[in-house]
Amino acid sequence: MGNIGYCFPMKIKNNILITGASGLLGGELTNLLHESHQVIALVRKKPNIVLPNVQYIEIDLNNHWDIDQLPKNVNTIFHLAQSEKFRNFPRDSADVFNVNVQSTAKLLEYAESIGVKRFIYASSGGIYASSRTAFQENSPLQSHGSLDYYLGTKICSEILVQNYSNLMKSFILRFFFIYGKGQKRSMLVPRLVDKIKANEPITLQGQNGLRINPIHVKDAAHAVIATLGCKIGHTFNVAGNESYDLRQIANIIGGLLDIGPIFETDNGSPSDIVADIRAMRSHLHAPKILLKKG
């Protein structure tokens, strides 16, 4: 990891374009950055409550849009947007492709044309191949035959970003199970909360289910912001300090709700999805929020 270069707190005011600015991570970043930087927030629909010093631009990345709709004074792009229909394959494959891949290609073209200095792309830790040890940034990725459509679009966009690495500082952040207040109920942690509240069984592969190291959205946002101070681009895993199996996570939630979770087990063998975050801790941000508190 010695070729990453040192990352320092960025004190220079940046003009930052954030796609997916109304999402969990994008909203947190907008909240943290709008007082110290000029933020341009790309959203499908302007929120009812807008933040001061934020320029909101309504663009649906699934429909036709043109880079001429975007401002010319941007020097940093946080590309966080992803299709909400990623589970609906093949019915909504065009939406997933347009939002996850086509938008990346157009934003990179836009970035190069106006001289953007940094491009930060939100990828997924799900692209790694199965392993019994924590994934490092150079761990093997899933073979093309094993990837689902959504993860395939993530790898496609990573390749696009890498091709521009000689033209701007390019960062690929592979996120592992972000959670936090306001997250969509279809995501893992809210789904577990809702199942436990409703006394519905949680299905585990094997005795305890898969093991993960989830990260609170505030820690994830601080890791993203830290890329503003990095001298050169790089790929980073972004995940939490602690790893838990699904049974442990459900028991933590059940303890907070004072409801005993109900479990069902099958004969499957869970594929753990745990990230090695030594590079993140050394160069970006050391996660601080423990799962029970988060």
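This report describes the sheet, helix packing, salt bridges and selected residues of a predicted model.

Seven strands form an open sheet in the order E3-E2-E1-E4-E5-E6-E11, and their pairing is parallel. The edges are strand E3 (54-58) and strand E11 (235-238), each of which pairs on one side only. Direction ignored, neighbouring strands of this sheet are turned by 20° against each other on average.

Helix H3 (residues 149-163) lies across strand E5 (118-124) and E6. H3 runs at about 160° to E5, so by the cut-off of 145 degrees this pair is also roughly antiparallel.

## The H2 and H3 pair

Two packed helices are described by the angle between their axes and the distance between the axes. For helix H2 (residues 93-114) and H3, the axes come within 10 Å and cross at roughly 10°. H2 and H3 are therefore roughly parallel to each other, since the class takes in angles under 35 degrees.

On the H2 side, the contact is made by Ser-93, Val-96, Phe-97, Asn-100, Val-101, Thr-104, Ala-105 and Leu-108. H3 contributes Tyr-149, Tyr-150, Thr-153, Cys-156, Ser-157, Leu-160 and Val-161.

## Salt bridges

Side chains of opposite charge can pair when their charged atoms come close. The model has 10 salt bridges. One of them links Glu-158 and Arg-174, whose closest N and O atoms are 2.7 Å apart. Glu-158 lies in helix H3 and Arg-174 in strand E6, so this pair ties together parts that are 16 residues apart in sequence. Both partners are buried: Glu-158 has a relative accessible area of 3%, and Arg-174 has one of 4%.

Asp-245 and Arg-211 also meet in a salt bridge, at 3.6 Å from N to O. Because Asp-245 belongs to strand E12 (residues 244-245) and Arg-211 to strand E9 (residues 211-212), the pair ties together parts that are 34 residues apart in sequence. Asp-245 is buried at 9% relative accessible area, whereas Arg-211 is partly exposed at 26% relative accessibility. Arg-91 counts as exposed, at 66% relative accessibility, while Asp-92 counts as buried, at 16%.

His-37 is placed in the loop between helix H1 (24-33) and strand E2 (38-43). His-37 is buried, with a relative accessible area of 6%; the class applies because this value is under 20%.

A polar atom of the His-37 side chain lies 2.9 Å from the backbone nitrogen of Asn-14. Leaving aside residues up to four places away in sequence, His-37 touches Ile-12, Lys-13, Asn-14, Ile-16 and Leu-228.

Helix H5 (residues 217-226) is mostly covered, with eight of its 10 residues buried. The buried residues are Val-217, Asp-219, Ala-220, Ala-221, Ala-223, Val-224, Ile-225 and Ala-226.

Leu-257 is found in helix H6 (residues 246-257). Leu-257 counts as partly exposed, at 29% relative accessibility, because that value lies between the limits of 20% and 50%. Not counting residues up to four places away in sequence, Leu-257 touches Val-193, Ile-196 and Lys-197. Leu-257 and Asn-267 are 10 residues apart in sequence, and their C-alpha atoms are 29 Å apart in space.

Methods. Residues numbered from 1 in each chain as written. Predicted model: local features only at pLDDT ≥ 70, side-chain atom pairs only at ≥ 80, totals over all residues. Heavy atoms only, no water. Helix = DSSP H or I, 4+ residues; strand = E, 2+ residues; numbered from the N terminus. Buried < 20%, exposed > 50% of the residue type's maximum accessible area, 1.4 Å probe, protein only. Polar contact = N/O pair within 3.5 Å; in protein donor to acceptor, adjacent residues only side chain to side chain. Contact = heavy atoms within 4.5 Å. Pairing = 2+ DSSP bridges. Axes fitted to C-alpha atoms, helices over the stretch in contact; angles between N-to-C directions. Salt bridge = Lys/Arg side-chain N within 4 Å of Asp/Glu carboxyl O. Parallel < 35°, antiparallel > 145°, perpendicular 65-115°, else oblique.
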